[in-house]
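Let's take a walk through a protein chain together, with its sequence and fold side by side. Keep the viewer open and follow along as the names come up.

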Amino acid sequence: MINRRSFGKALGVGAGAAAVGLAGPGSAPGAAAVPATTPASGPAPRTGPHTTFPRIKQIKAGVLDVGYTELGPAHGPVVICLHGWPYDIHSYVDVAPLLAERGYRVIVPYLRGHGTTRFLSDRTLRNAQQSAIAMDLIALMDALKIHRAVLAGFDWGARTADIVAALRPERCKALVSVSGYLVTNREANLKPLAPRAELAWWYQYYFSTERGRLAMEDKTLRHDLTRLVWDTVSPTWGFDDATFERTAAAFDNPDYAAIVVHNYRWRLSLADGERRYDGLEKLLAARPTIGVPTVTLDAERDPFTAPGGGTSYRDRFTGPYEHRALPGIGHNVPQEAPAAFAQAVVDADRL
């Protein structure tokens with residue numbers, strides 16, 4: 001197992017530049033080598049080398065018409081990269097080409113309520129509980145005729161990948177999860193955290209109010225609120241205005257405000273989910289273990305990173321496993337440290 005010190009030194013995890021030494025599918029273990037660029041203690045780059053994806057595709061999957069982008073060979077091993085909030089597919093604008101160059105078929109979908117993803121019916125509840133979003137992923141894989149894939153994500157995306165890995169392990173070849181085990185336990189969420197930890201979740205409480213809901217529906221306030229979140233949860237990432245605006249365009253989805261507000265209210269038991277997901281939520285409340293090969297990533301400057309170097313969730317992963325710390329990196333790990341994230345995907349696939 002690679003220790004944190006040697007891993008960080010080898011990858012240059014403070015750098016946003018693409019790595020050139022990633023080992024691809026079928027490479028011998030230990031063959032990967034990513035040259036260091038900017039040291040973790042130095043300034044983070046403003047943006048990565050890529051600015052956009054080639055094109056957005058659409059496919060009907062479950063209750064959604066899903067917008068997604070796809071890079072790499074059509075018959076390569078599949079990696080599905082899942083974004084969080086307040087982000088979009090461009091969190092993977094540098095990761096996806098790295099993996100595609102190594103032979104992976106990389107799928108990056110907009111989650112419900114984001115970008116070009118739309119509900120097929122006006123009558124469908126704008127539900128953002130965790131199991132609903134996880135079933136969106138299964139529906140997308142079914143629509144694309146993908147039986148198994150490496151699942152990789154952060155924030156909402158990590159939670160979604162964790163759930164599929166836990167409840168549908170036959171669909172998950174390997175897992176990369178930023179912040180480890182993120183399955184929501186609503187009963188535990190009723191208990192207060194330490195004041196400093198609560199402060200980091202300020203927007204969660206804001207969204208529980210009518211003022212917060214109205215702010216998310218107002219384009220200007222929504223723009224400024226999400227920009228503030230970017231600034232505070234990624235304090236070392238020197239992104240430019242164009243990088244944020246590229247992602248903020250995905251927030252103009254007509255269902256964005258409803259999905260975001262419901263997600264955070266549901267977590268605090270302030271909003272109901274749908275009865276058809278009750279069985280899945282009961283399973284998730286029991287904190288099921290994850291047995292697929294997994295690499296977990298903890299970002300040092302992410303205010304939501306749990307203390308203890310991954311020890312708080314280590315017992316939830318029962319299969320082949322590695323944990324890695326990313327010095328100097330904030331919440332948006334794949335966009336702040338694309339080389340490290342892509343390497344984690346390749347290594348999880350080899351575990």
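## The overall fold

Please keep in mind from the start that this is a predicted model. The chain has 351 residues, and 58% of them count as buried. Its secondary structure comprises 13 helices and nine strands.

## The nonpolar core

The largest nonpolar core brings together 99 residues. Within this core, W85 and F341 have the most contacts. Once its neighbours within four places in sequence are set aside, F341 is in contact with Y92, V95, A152, G153, V176, V178, L297, V333 and P334.

## The largest pocket

Next comes the pocket. The largest one has a volume of about 1,100 Å³, and 35 residues line it. To find its centre in the viewer, look for L182, N189, L193, W201 and F304, the lining residues that lie nearest to that point.

Which helix gives the most to the lining of this pocket? The answer is α5, with four residues. Helix α5 spans residues 195-200, and α4, α6 (202-206) and α10 join it as elements that each supply at least two lining residues.

## Salt bridges

The structure holds 18 salt bridges.

| Pair | Distance (N to O) |
|---|---|
| K57 and E70 | 3.2 Å |
| R126 and D255 | 3.0 Å |
| D142 and R171 | 2.9 Å |

Begin with K57 and E70, whose side chains meet in a salt bridge. This pair links distant parts of the chain, with K57 in strand β1 (residues 57-61) and E70 in strand β2 (residues 64-71), 13 residues apart.

R126 has a relative accessibility of 17%, so it counts as buried. D255 is buried too, with a relative accessible area of 12%.

D142 lies in helix α3 and R171 in the loop between α4 (156-167) and β7 (172-178), so their bridge ties together parts that are 29 residues apart in sequence. D142 is partly exposed, with a relative accessible area of 44%, whereas R171 is buried at 6% relative accessibility.

Salt bridges can also join up. E322, R324, D347 and R350 are linked in a network of them.

T294 lies in strand β8 (residues 294-299). Why does T294 count as buried? Its relative accessibility is 0%, and buried means under 20%, so T294 falls in that class. Not counting residues up to four places away in sequence, T294 touches L175, F317, P320, Y321, E322 and L351. One of these, E322, also belongs to the salt-bridge network described above.

T124 counts as buried, at 17% relative accessibility. Leaving aside its neighbours within four places in sequence, T124 is in contact with V63 and F119. T124 and L64 are 60 residues apart in sequence, and their C-alpha atoms are 9.6 Å apart in space.

Finally, D231 lies in helix α8 (residues 219-233). With 38% relative accessibility, D231 counts as partly exposed. Where D231 and G330 are concerned, the C-alpha to C-alpha distance is 9.8 Å, while the two are 99 residues apart in sequence.

Note on methods
Residues are numbered from 1 along each chain as its sequence is written. This is a predicted model: local features need pLDDT of at least 70, side-chain atom pairs count only at pLDDT 80 or more; totals for chains, interfaces and linings use all residues. Side-chain values use heavy atoms; hydrogens and water are left out. A salt bridge is a side-chain nitrogen of Lys or Arg within 4 Å of a carboxyl oxygen of Asp or Glu. Buried means under 20% relative accessible area, exposed over 50%, partly exposed in between (1.4 Å probe, protein chains only). On a 1 Å grid over the protein atoms alone, a cavity is a set of points where a 1.4 Å probe fits but cannot get out, and a pocket is an open set with protein on both sides within 12 Å along at least five of seven lines; lining residues have an atom within 4 Å of a point. Grid points are joined across faces, edges and corners, and a volume is the space filled by probe spheres set on the points. A nonpolar core is a set of buried Ala, Val, Leu, Ile, Met, Phe, Trp, Tyr and Cys residues joined through side-chain atoms within 4.5 Å. Contact means heavy atoms within 4.5 Å.
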